[in-house]
Amino acid sequence: MAQPVTTTAPAKKASRKKASGSAARPATKPVAEQPPEEAAEAAEAAEGALGLDMVLVDAARGPLRRLVPPAGTALRFGSALARRPGSVAGRAKELVQELARVAGGSSELAPAKKDKRFADPAWSGNPFLRRAMQAHLATARTAWELIDDADLDWQDDERIRFSATNLVDALAPSNIPVVNPLSLKAAIDTGGRSAVEGLRRMVKDLATPPRVPSMVEPDAFTVGEDLASTPGAVVFRTDVFELIQYRPTTEQVRSVPLLMVPPTINKYYIADLAPGRSIVEHYLASGQQVFMISWRNPDERHASWGLDTYGQAIIDAMDAVERVTGNEQVALQAFCSGGIITAMLLAHLAEIGRQDRVKAVSFAVTVLDWARAGTVTALMDEESVKAATEKSRKKGYLDGAQLAEVFAWLRPNDLVWNYWVNNYLQGKPPPNFDILFWNADTTRMSATLHRDFIDVALDNALTEPGKATMLGTPVDLSTVTVDSYVTAGIADHLCPWQACYRTTQLLGGDSRFILSTSGHIASLVNPPGNPKSTFQVAGSTPADPTEWLNSAETVQGSWWPDFMTWLGERSGESVAAPPSLGGGELKPLADAPGTYVFDK
């Protein structure tokens, strides 16, 4: 029987030191018309596109450095193996024996079923290609076994696996033009045009940041038409944000409005993608009044914007919502880095006696406790943090294109080499997918906010009362007593669900925790109607996430309706929908999606 092998670094064994809480225009095909398997692949490739975590990595080191672990980690890895010469010799012997079987044609190594790089029949049918593939698989397996044998602490283990993954995946035979059968077939079928087109695409991509293969064509969608097209208007604008009020689609609406706080990296319309996949659209159809913050894309003029700036912006947005609706209370829903700011602001409101302004709060894929929160946390060391913050200080901002490059190399098979083969070796345009288009629509982060986020994460400051401040008051999350709805993705590699779960233990109020299918982004963009969608929920939130998981029940479908039911119970009575947008002295300034969303 063939032995399935993956070249992707396997997770470290649970018994080790790491804790469980540890990240084309041509023939355009609308998302809704994509085959389910194609859409699923694109969604999988986009996982983790949203998040603070990638901000916490040194975006200035360059791709080559990602193939080399920090010197201290490399030294400890080498020392650990030196203390185990028997293990090293044994692994080397096993590798030599396996390579001999590969050369003789008797090896039974085969790629894992989910490894699509070697899915073409030629990899198994052609003797030369089969040997190239099996030699790579054998070498990769030995690399992971040696890392396991070293038994490093969790941070060094993550660093070594990160570097090894980048190196091993880069050396895969599927990345070589004259070897990959897809490349050869495309060249034959097109009379060589695929090679010319692939070279053109490569030159174009490498000429400007993020210098990785394009995951989507720049003209695949149009913001305001294909995406972010839910009707509404900007009713308030400051230097920091625009406030969008969406037009109700029901005759009756809940009296307490919902204010959505998007992440501070990437544009807000992750919550308003294509029709039928828009979170905002679903909320409106459920009778919810919805307002959205659209952050300005900062540049060097806004270098001083920090956590306090964005915290005050949320207060300003709440004030504007009150002026429009006449309701003194709002519900908040915040995504990823927006959730960090929102949590700190709630602690501030509690400190000044104004927490009653918030009726309920939802945190989506938000990590407030960074204790072993994933690969990116492990990659943070003094040198990389200093380089990142110094670069953003000099420029006044952290460039989103650089962050996109860093993120791509966190999952090279999905986010680099997959598109290398498609775009360059086959000369094909990448498939259109709304999440990938949104992911490519990057924004900058002000230098001060970048530094503030890193300081909070490195100190894990939100887990200790008073260690962080917001608007001059100490942050104590245990004083946040409003009911909370916390969501996470079971396959999220940037914000592991266990880390998101710990939010329920930091807050002082009642929490409902939802564990959605998929990962970072697909767990959010999870509209009703997908027969494969499920989420898990339990009646309580004990301290141990494993205990929660053991008691959780699986519910068929999307969590969106569940959230609407939960929020509806906390959103007051139904009232007549407003006949027009704006209110009081606040008049519509521009149609949705506004102007800030178009800033480049």
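First, a definition: on a 1 Å grid over the protein atoms alone, a cavity is a set of points where a 1.4 Å probe fits but cannot get out. A volume is the space filled by probe spheres set on the points, which are joined across faces, edges and corners. This is a predicted model, where local features need pLDDT of at least 70, side-chain atom pairs count only at pLDDT 80 or more, and totals for chains, interfaces and linings use all residues. Residues are numbered from 1 along each chain as its sequence is written, and side-chain values use heavy atoms, without hydrogens and water.

The largest cavity holds about 60 Å³ of space. Lining residues have an atom within 4 Å of a point. Here they include Trp295, Arg296 and Tyr596.

Now the second largest pocket. A pocket is an open set with protein on both sides within 12 Å along at least five of seven lines. This one has a volume of about 880 Å³. It is lined by 31 residues, and those closest to its centre are Pro209, Pro210, Ser214, Pro218 and Ala440.

On to the cysteines. Cys336 is buried, at 3% relative accessibility; buried means under 20% relative accessible area, with a 1.4 Å probe and protein chains only. Cys495 is buried too, at 1%.

Note on methods: Buried < 20%, exposed > 50% of the residue type's maximum accessible area, 1.4 Å probe, protein only.
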